[in-house]
Amino acid sequence: MSDEQTLDLLEAKIKELRELNKIDGIDLSAEIARLEEKLIALRKELYSHLSEWERVKLARHPDRPYALDYIRMIFEDFYELHGDRLSGDDPAIVAGLARLDGTTVAVIGEQKGRSMEENKLRNFGMPRPQGYRKARRIMRLAERFSFPVITLIDTPGAYPGLAAEENNVGEAIAVNLETMAQLRTPIISTVIGEGGSGGAIAIASPTLFSSAARPG
Amino acid sequence: MAIFKDKKYFRVDLTRKPDESLWMRCKSCGELVFKRRVRENNNICPNCGAYFFLTARERLESLIDDGTFVDISKPIVADDPLGFSDTKPYPKRVEEAQEKTGLPSAIILGSATVTEIPVVIGVMEFQFIGGSMGSVMGEQICHGMEEAIRRRVPFVLVSSSGGARVQEGIFSLMQMAKVATVRTRLAEEGIPFISIMTYPTTGGVLASIASLGDVIIAEKGATIGFAGRRVIRDTIAEELPENFQTDAFALAHGAIDRVVPREELKNELGRLLSLFVEAG
């Protein structure tokens, strides 16, 4: 049994006891408290001794919230914008304007899919040059109107493909770095899952602590 | 050599009554439909949902808050700098277009509010020589952008145009550079510019002001492209894809931000504007 399954089992047991507690009027609260304590301790133990690979697996866990989940939960009035104005629109990067506590901000996030269908659309969160160029366009738009930029990073890396090379993905990433270094509006970047390689750094604020992203 | 003249100018009158006949036939589904119902339905067929053509006036009314429009256009109409004549002399063509549309030129320009947000708005009239951009339209667009800067309100432009006006030759081409130049001042001043592309947004209008929006929205069913389908097909002698130069084509190729159904256009524009306006 994996450690994760042990955790699930404990959680289920606690839930069961809670239900019983309600129905029968038997006082199980001491037992519940004991199990909850155990659960917390076990979880702490488990997550403080993860191997590198386990960390990666956790970062890629399909139950983690993705960029659009965070956008839905954090922002209001998200208005998605599409396209790089040059050759395409990349669904692996979502971008748009939204409100955060009443202030308009630009949001840019790398988006994975949950189902096979979604992942076909989102390309498993691996952006193409069109996605980086869309991100750049939205950064410049934000700068023009002094909107802060918030980026959500979650990618195994830029998409390695023929078309990506033909469309000079190297340039797309490089110019994004240049753009973010110059941008006259704040950029706040958060790694919400994994931040792999140039694919992550291409939308990461220059002040983001670089250990969050690893070279691929 | 004059490129404008100031006679025969008249203001846009939104109270002008539309055609009084009661019924029309939908070209898409063939059904006879009650004209008033079509009008009340944003010129969308109540039977099959097909979009009928909107005049610039109707388009304007469908986007702005009732009774808020004030014409702010310059009192100019087209002159004939080249002495141009094809099947008929250019001045005659302009005169006929003025009679047909009741407009002095191929664009309406004014101030208004959209969901209570003040804007300067320009709307092109396709029925006025294909909504083509000559000296007058170029000048009105620039004037609109300058007014938007002066009033510190967003600029909204609804395109419906075949492109630059061939009858004014180089003077039309110059308008492309002129509107693009003034557009950069909007950017410097931090004034939002929303470009709305409708059927059709092509040629020199697409290759200048329409493509320069901070945000570009296309109405569902818009044709968006630079060179005409026939020109391309005859040049490269290849069949073009079915969706060539459609709204979906433009979206897939990164040219526009969104495709919006006609009935949602006003609300969507309001939502978008509010993100820009309330930020300051």
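**View 1. A:Ile108 and its bridge partner.** In strand 4 of chain A, A:Thr151 is the bridge partner of A:Ile108. Strand 3 (residues 103-110) and strand 4 (residues 149-155) of chain A pair in the parallel sense over 4 bridges; two strands pair if DSSP finds at least two bridges between them. Strands of a sheet pair through backbone hydrogen bonds, either parallel or antiparallel. Helices (H or I, at least four residues) and strands (E, at least two) are DSSP runs, numbered from the N terminus. This is a predicted model, in which local features need pLDDT of at least 70 and side-chain atom pairs count only at pLDDT 80 or more, while totals for chains, interfaces and linings use all residues. Residues are numbered from 1 along each chain as its sequence is written, and chains are lettered from A and ligands numbered from 1 in the order in which they are written.

**View 2. The open sheet of chain A.** Here 5 strands form an open sheet in the order 1-2-3-4-5, with mixed pairing. Strand 1 and strand 5 (187-195) are the edge strands, and each pairs on one side only. Neighbouring strands of this sheet are turned by 20° against each other on average, direction ignored (axes are lines fitted to C-alpha atoms, for helices over the stretch in contact, and angles run from 0 to 180 degrees between N-to-C directions).

**View 3. Helix 6 of chain A.** Now look at helix 6 (residues 129-144): at 1.5 Å a residue, its 16 residues should span 22 Å, and the end C-alpha atoms are 23 Å apart, which agrees. The expected span is 1.5 Å times one less than the number of residues. In helix 6 of chain A, 12 of the 16 residues are buried, so this helix is largely enclosed by the rest of the structure. A residue is buried if 20 or more other C-beta atoms lie within 10 Å of its own, exposed if 12 or fewer, and partly exposed in between, with C-beta atoms placed from the backbone. Among the buried residues are A:Tyr132 and A:Ile138. Just after helix 6 of chain A, A:Ser146 takes a positive phi of about 55°.

View 4. Most residues other than glycine have a negative phi, and most peptide bonds are trans. A:Asp77, in strand 1 (residues 76-81) of chain A, has a positive phi near 55°. A:Asp77 is partly exposed, with 15 other C-beta atoms within 10 Å. In chain B, the peptide bond from B:Tyr199 to B:Pro200 is cis, with omega near -20°.
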